[in-house]
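Me: Could you walk me through part of this structure with me? I'll ask as I go.

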Amino acid sequence: TQTPTQTPSSTITNTPTITFTPTITATAPVTTIVISLPYPNPVEDQGPVYLDAQAPAGSNLTWDVFTTAFRKVAGGAQPLSGKATLSWNLRDGWGGMVANGLYYLRVNVGGPQHKQVIRAVIVKR
């Protein structure tokens, strides 16, 4: 009789979990860049916080989250073509939950002329 062996496994990631969900529509191609305000704001409990963006094909979306002391706690980049929703799970770059407080979300789509800095308040009970 053979006894099955099990080896423990753990995965440590240094990036927060980000969900990027493109919305596919059968309308005319997107020609303008639009970045929404984050919602819900304030973010309560475990989040996540969402942000909608749209851009023409071939654009790139980059985002960073900073504390009020301008310490970067999270960020990422992905291609953006059309409309999409970015979702941040309130985790820092080391996988830990961020503390209560005010955070700045810097979002850039398609170049420096389309950069926005948006405030988001995190309130966990």
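This is a predicted model: local features need pLDDT of at least 70, side-chain atom pairs count only at pLDDT 80 or more; totals for chains, interfaces and linings use all residues.

Me: Where is Gly-101 found?

Reply: Gly-101 belongs to strand 6, which covers residues 101–109.

Me: And what is Gly-101 in contact with, leaving aside its neighbours within four places in sequence?

Reply: With those neighbours set aside, Gly-101 is in contact with Ala-120, Val-121 and Ile-122, while its C-alpha atom is separated by 9.2 Å from that of Lys-124, 23 residues apart along the chain.

Me: Which strands does strand 6 pair with?

Reply: Strand 6 runs antiparallel to strand 4 (residues 49–66), with 6 bridges joining them, and it also pairs in the antiparallel sense with strand 7 (residues 115–123), over 8 bridges.

Me: What about the hairpin of strand 6 and strand 7, how many residues are between the strands?

Reply: There are 5 residues between the strands, and in this hairpin Gly-110 takes a positive phi near 75°.

Me: Switching topic, how many aromatic pairs are there?

Reply: The count comes to 3 aromatic pairs. One of them is formed by Phe-70 and Tyr-104, which are stacked at 5.9 Å centre to centre with 10° between the planes. This pair links distant parts of the chain, 34 residues apart, with Phe-70 in the loop between strand 4 and strand 5 and Tyr-104 in strand 6.

Me: How accessible is Phe-70?

Reply: Phe-70 is exposed, at a relative accessible area of 62%, whereas Tyr-104 is partly exposed at 22%.

Notes
Residues are numbered from 1 along each chain as its sequence is written. Side-chain values use heavy atoms; hydrogens and water are left out. Helices (H or I, at least four residues) and strands (E, at least two) are DSSP runs, numbered from the N terminus. Contact means heavy atoms within 4.5 Å. Two strands pair if DSSP finds at least two bridges between them. Rings of Phe, Tyr and Trp (its six-membered ring) pair if their centres lie within 6.5 Å; planes under 30 degrees apart count as stacked, over 60 as edge-to-face and the rest as tilted. Buried means under 20% relative accessible area, exposed over 50%, partly exposed in between (1.4 Å probe, protein chains only).
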